[in-house]
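User: I would like to learn how to read a few features of a structure, one at a time. Please give the general idea where there is one, then the case at hand.

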Amino acid sequence: MARDYPVADFLSTYRGMSRDELHALQNARFGALMATAWKVPFYQRHWGAKGIEPGDIRSLDDLAKLPPYSKSDLMASVEAFPPFGDFSGIETWPEGERPPMVLQTTSGTTGKPQPLIWGPKGREVQNMILARIYLMQGMKRADVVHSVYGFGMVNGGHFVREAISHWVGAPVLTAGTGADMRSARQVQMMRDFGVTALVGFGDYLKRLADVAGEEGILPGRDIRLGLISGHIGADSASALSEAWGGPEVYDWYGVGDTGPIAGQGPDRDGMHVMEDAQFLEILDVESGDAVPEGQIGDMVCTCLHKDDLYPIVRFNTHDVTQTLPGDNPLGLPFRRIQGFMGRSDNMVKLRGINIYPQGIGALLSAHFPEMAAEYVCRVEKRDGRDEMVVIAEVRERPAGLAEAMAEQLRTRLGVQIDVELAGIGETAHLTEIEQRQKPIRLIDRRKDA
């Protein structure tokens with residue numbers, strides 16, 4: 001597998017490869033993936049409903065003929081075929097040859113948890129792809145890594161630990177979220193074990209820095225980080241670096257079903273899509289058609305490496321991004337994306353303009369040093385119109401700050417959004433940042449009107 005999906009020698013292996021050579025590699029892997037997928041009842045039903053037969057899909061060039069699917073389709077499968085649904089493909093293997101199944105679930109914070117399923121190959125390649133991203137960003141065997149990805153049945157903490165342990169070789173403190181281990185205890189452990197690298201969701205990583213200060217533990221002196229890598233999303237990397245005393249901060253993107261899809265490299269010019277393992281399409285949110293380069297759309301992923309259990313062909317993440325123009329700065333044949341820019345199913349349309357709540361914090365943090373990173377958006381009906389208010393935590397409240405923030409949002413987004421100021425920690429009961437890996441960024445009260 002390490003020859004097929006290089007880790008430590010990832011850059012040297014692919015640097016200088018042409019797009020045509022990459023496409024040939026992708027096409028071979030797509031053929032193996034489809035051979036498995038056609039045996040799976042979920043796809044037989046999903047594709048058969050559109051009148052598609054195996055002979056209709058001969059290469060990646062035919063991929064757009066297949067209908068995408070999303071989490072709602074998987075949950076309908078679980079409902080009809082409990083407890084695992086009919087998308088794993090485990091029953092397509094002869095009884096004595098069935099591979100071990102790795103089972104995790106989604107968090108279930110928005111409903112019933114969804115099974116997440118891997119075979120041995122798909123699981124380990126996922127680990128390898130994340131490890132190559134970490135190594136590209138500067139993680140080393142000599143690091144001591146503190147992980148705040150959740151454990152329990154959710155996947156994040158488990159596969160992050162596997163990736164680092166199996167392929168980087170660094171020790172990992174598997175602390176989990178604030179619900180797994182109190183934040184104050186976490187920063188004490190980081191100090192005591194000499195943690196040098198921190199991984200997790202950016203929102204909680206910033207919260208940990210605030211807690212360290214409250215505990216009298218000074219980032220940069222008592223905890224000396226060289227690297228932060230995580231789901232930084234639209235949050236400000238510079239603010240996170242400053243909060244932790246100046247370490248390098250890198251972003252990467254993936255979802256529970258697919259594993260890692262793209263990550264920043266030392267060039268810091270967007271995220272490099274791991275196209276030897278993941279085939280990524282950017283589709284129009286409404287029409288489902290491919291968007292031109294640079295336009296925002298849904299990320300729809302086909303996992304070229306996942307051909308043992310639960311093959312993934314055109315999974316719509318409903319996370320939105322845009323591709324970046326120009327040649328790859330690292331000399332790779334891979335395309336680059338902006339990264340996570342919000343969710344299409346969490347989008348709010350105000351006066352015809354699409355607003356993604358997850359992007360609001362970065363706009364404010366970039367222009368207002370008073371911004372303390374935490375915020376939540378509330379949308380409600382007023383006089384028959386949808387209106388949005390951003391509740392933003394700030395370190396201090398100079399006169400006119402809320403009005404200046406609202407004007408910045410109006411200038412950048414083209415629509416009026418009001419701002420209410422809050423003290424540090426005052427939105428925690430709304431965002432649930434201490435209990436969730438992904439804090440709540442949108443409270444929709446339109447139905448209450």
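User: How much area do domain 1 and domain 2 bury between them, and what share of it is on carbon and sulfur atoms?

Analyst: In this predicted model, about 1800 Å² is buried between domain 1 and domain 2. Carbon and sulfur atoms carry 53% of that area.

User: Where do the two domains lie in the chain, and how many residues does each give to the contact?

Analyst: Domain 1 covers 1–343 and domain 2 covers 347–444. Their centres, taken over C-alpha atoms, are 28 Å apart. Domain 1 gives 24 residues to the contact and domain 2 gives 20 residues.

User: What describes a pair of packed helices?

Analyst: Two values are used: the angle between the axes and the distance between them. Take helix H5 (residues 120–137) and helix H6 (residues 156–168), whose axes cross at roughly 70 degrees and come within 8 Å. Angles of 65 to 115 degrees count as roughly perpendicular, so H5 is roughly perpendicular to H6.

User: Which residues of H5 and H6 meet?

Analyst: From H5 they include Arg123, Glu124, Met128, Leu130 and Tyr134, and from H6 they include His158, Phe159, Glu162, Ile164 and Trp167. By class, the residues of this contact are 11 nonpolar, 4 polar and 3 charged.

User: At what angle do H10 and H11 pack, and how far apart are their axes?

Analyst: Helix H10 (residues 360–367) packs on helix H11 (residues 401–413) at an angle of about 120 degrees, and the axes are 10 Å apart. H10 and H11 are therefore oblique to each other. The crossing of H10 past H11 is right-handed. On the H10 side, Ile360, Leu363, Leu364 and His367 make the contact, and on the H11 side Met405, Gln408, Leu409, Arg412 and Leu413 do. These residues divide into 6 nonpolar, 2 polar and 1 charged.

User: Which residues does a cis peptide bond join, and where is Pro83?

Analyst: Pro82 and Pro83 are joined by a cis peptide bond, with omega about 0 degrees. Pro83 lies in the loop between helix H4 (71–80) and strand E1 (102–105).

Key
Residues numbered from 1 in each chain as written. Predicted model: local features only at pLDDT ≥ 70, side-chain atom pairs only at ≥ 80, totals over all residues. Heavy atoms only, no water. Axes fitted to C-alpha atoms, helices over the stretch in contact; angles between N-to-C directions. Helix = DSSP H or I, 4+ residues; strand = E, 2+ residues; numbered from the N terminus. Parallel < 35°, antiparallel > 145°, perpendicular 65-115°, else oblique. Left-handed = near helix turned anticlockwise from the far one by under 90°. Contact = heavy atoms within 4.5 Å. Nonpolar A, V, L, I, M, F, W, Y, C, P; charged D, E, K, R; others polar. Domains from an automatic or database assignment. Buried area = accessible area lost by both parts, 1.4 Å probe.
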